[in-house]
Structures are given as C-alpha cells and as structure tokens.
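Reader: I have a structure to go through with you. Can we start with how the chains meet?

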Amino acid sequence: MDRIAGQTGYLILNEEGAVVSSAGDLENDEKTAETIMGLVNITSMVDQKAFGSDESFKKISLTYENHCYIICLSNRRIHVVKKNLDKLAVNA
Amino acid sequence: MEKPLERVMEEILNTTDVFGCVFADHQGLCLGVKGRASTESAGVIGAIAEEASKLEPNSRPPVIVLESENKMCIIQRNGTITGAIYKLI
C-alpha cells in the first residue's frame, strides 16, 4: 500500500468495518471507516434494472478537486486509498 | 423545469456508451429518468450522494464512480439535485 504513487493514506477494513490496518491521513480514522462502510453497504442496492442483481461493484472512487479516495474489495477486506490528484490523471 | 431536464437527459443519453440516467431531488424523489434506469433508484442515488458528502463535509461534493465488470455508475450532487449516469466501460 505504501508504494502506491501519490497516496497520502490508506485504510484496510474487515467485513464488519473494523480497521485492520491504516496509515498516513487515514491513520486510525474510524469516522472515515464508518462512512465508507455505509457507502459500500448502500451500493448493493443501486438500480437492479441497469446493473442486475448478480452484478456487483468492484471499485468505488470518490473524486474531489485535488484528491480522491479509491475503494476496492479484495480478499474479504475493504481497501481504501487516499491519493493526491496533482499531476495525476483523474482516473489513474 | 421538466422541459429543460428532459432535454438534458436526452443529450446525456446521446453520449457514447451511456445507457441510462436518473435525477433525484434532496429528498431522494425522482425528478426524471431516461434509458435503462428505474425511478426507484432515485432514492438510493440520493442516499449514496448524502453518505459520500459526510466524508468531507467542508469540500464540494465528490464525483462518485461505481465500477462493475463492464458498466459504471457516475453520481454527483449539485446543490439540491443529484444526478446519476449509467455507462458501459
């Protein structure tokens, strides 16, 4: 996680939303963890007509003016990375 | 108000790879829907934008992108209106 270019912090959460590992801007950031869990939980309810019930989202990104959060589900853990967008493409 | 929104939705749907769009008000009620999208999803779209805005309450609302294997859902809140665009990757 530390080697991701432009990252300023990360969070790794388990399925219950508890912080397993964290660093940088997101170090022990329980509030961010809680909001992200809330977000991950509602995304499963997005439009069944467009996405179908068997289709799940693999990546969620929240893009602000100068930074972004990228959320991925892998190995039953929720990985969250906060990245700076300066000099980086928005969808890098 | 419905006429301009209708026109905007028509324009959005004419964009390459876009197959649906939904607009919700601040209560999550559907303002308009076009393409392969349901009016019922307006509430969820509004709720996602609301939840995301809690992350950094002092910043402008973020652009939220949800990606599945071959489709994506782009959500952004602007004032009291939340819009979602469904697109093929």
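Reader: Which residue forms a salt bridge with Glu67(B)?
Author: Lys59(A) does, with the closest N and O atoms 3.8 Å apart. A salt bridge here is a side-chain nitrogen of Lys or Arg within 4 Å of a carboxyl oxygen of Asp or Glu.

Reader: What should I know about the model and the numbering?
Author: This is a predicted model, where local features need pLDDT of at least 70 and side-chain atom pairs count only at pLDDT 80 or more, while totals for chains, interfaces and linings use all residues. Residues are numbered from 1 along each chain as its sequence is written, chains are lettered from A and ligands numbered from 1 in the order in which they are written, and side-chain values use heavy atoms, with hydrogens and water left out.

Reader: Back to the interface. How many salt bridges cross between chain B and chain A?
Author: The rule finds three. It also finds 13 residue pairs in polar contact across the interface, both residues at pLDDT 80 or more. A polar contact is a pair of N or O atoms within 3.5 Å; within protein, one must be able to donate a hydrogen and the other to accept it, and residues adjacent in sequence count only if both atoms are side-chain atoms.

Reader: Which part of chain B gives the most to the side that touches chain A?
Author: Helix 2 of chain B, with six residues. Helices (H or I, at least four residues) and strands (E, at least two) are DSSP runs, numbered from the N terminus.

Reader: And how much area is buried between the two chains?
Author: About 2500 Å², of which carbon and sulfur atoms give 61%. That is the accessible area (1.4 Å probe) that two parts lose on being put together, summed over both. Chain B puts 29 residues into the contact and chain A puts in 28 residues. Contact means heavy atoms within 4.5 Å.

Reader: Now the core. How many residues are in the largest one?
Author: The largest nonpolar core has 36 residues. Val46(A), Leu62(A) and Ile48(B) are among those with the most contacts inside it. Helix 2 (residues 41-53) of chain B gives the largest share, six residues. A nonpolar core is a set of buried Ala, Val, Leu, Ile, Met, Phe, Trp, Tyr and Cys residues joined through side-chain atoms within 4.5 Å. Buried means under 20% relative accessible area, exposed over 50%, partly exposed in between (1.4 Å probe, protein chains only).

Reader: What does Val46(A) touch?
Author: Beyond four places in sequence, its contacts include Phe51(A), Phe57(A), Ile48(B) and Tyr86(B).

Reader: Why is the pair of Phe19(B) and Tyr86(B) called tilted?
Author: The ring centres are 6.1 Å apart and the planes are at 40°, so the pair is tilted. Phe19(B) sits in strand 1 (residues 18-24) and Tyr86(B) in strand 5 (residues 81-88) of chain B, 67 residues apart. Tyr86(B) is buried at 0% relative accessibility.

Reader: New topic. Where is Asn14(A)?
Author: In the loop between strand 1 (7-13) and strand 2 (19-24) of chain A. Asn14(A) is buried, with a relative accessible area of 17%. Its side chain reaches the backbone nitrogen of Glu16(A) at 3.0 Å. The side chain of Asn14(A) reaches the backbone nitrogen of Ala18(A) at 3.0 Å.

Definitions and conventions:
Rings of Phe, Tyr and Trp (its six-membered ring) pair if their centres lie within 6.5 Å; planes under 30 degrees apart count as stacked, over 60 as edge-to-face and the rest as tilted.
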